[in-house]
Amino acid sequence: QVQLVESGGGLVQAGGSLRLSCAASGRTFSNYYMGWFRQAPGTEREFVAAITQFGSTYYANSVKGRFTVSRDNAKNTLYLQMNRLKPEDTAVYYCAADPLPSLYSSNYNYWGQGTQVTVSS
């Protein structure tokens with residue numbers, strides 16, 4: 001079992017930056033493939049970024065070049081640095097963990113409670 005807690009969300013103007021954190025506890029964090037997903041009202045949860053246990057990263061096309069996912073295994077923490085934010089980035093952002101790699105939310109077994117990101121125009 002892995003417990004995940006996101007933080008760092010908030011209100012920011014378009015063009016601004018935020019850094020989300022996801023603190024993990026329970027099982028060994030370094031054994032897990034980690035992902036960031038987001039969900040805006042009335043839409044399905046969508047993939048944002050993922051990072052393997054070894055540090056390889058994957059991004060949705062909509063965030064590539066603006067967002068950076070990273071992890072600090074010593075601190076059991078996952079990060080999402082979000083730059084050049086756009087109003088369409090407004091959503092609840094969730095971190096997720098699973099022992100197996102996947103870009104699909106349905107394949108993740110462990111989820112945080114989410115943190116709201118609002119980008120004003």
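Predicted model: local features only at pLDDT ≥ 70, side-chain atom pairs only at ≥ 80, totals over all residues.
**Exercise 1.** Which residue is the bridge partner of V2 in strand 3?

*Solution.* In strand 3, V2 has G26 as its bridge partner. Strands here are DSSP runs (E, at least two residues), numbered from the N terminus, and two strands pair if DSSP finds at least two bridges between them. Then widen the view to the open sheet of four strands, with order 1-3-8-7 and antiparallel pairing. Its edge strands, each pairing on one side only, are strand 1 (2–7) and strand 7 (67–72).

Residues are numbered from 1 along each chain as its sequence is written, and side-chain values use heavy atoms, leaving out hydrogens and water.

**Exercise 2.** Which residues are linked in a network of salt bridges?

*Solution.* Take a salt bridge as a side-chain nitrogen of Lys or Arg within 4 Å of a carboxyl oxygen of Asp or Glu.

1. E46 and R38 meet at 2.5 Å, N to O.
2. R38 also meets D89, at 2.9 Å; these two are 51 residues apart.
3. R66 forms a salt bridge with D89 at 2.8 Å.

Together, R38, E46, R66 and D89 form the network.

**Exercise 3.** Is E46 buried or partly exposed?

*Solution.* Buried means under 20% relative accessible area, exposed over 50%, partly exposed in between (1.4 Å probe, protein chains only). At 36%, E46 is partly exposed. R38, at 6%, counts as buried, and D89, at 1%, is buried.
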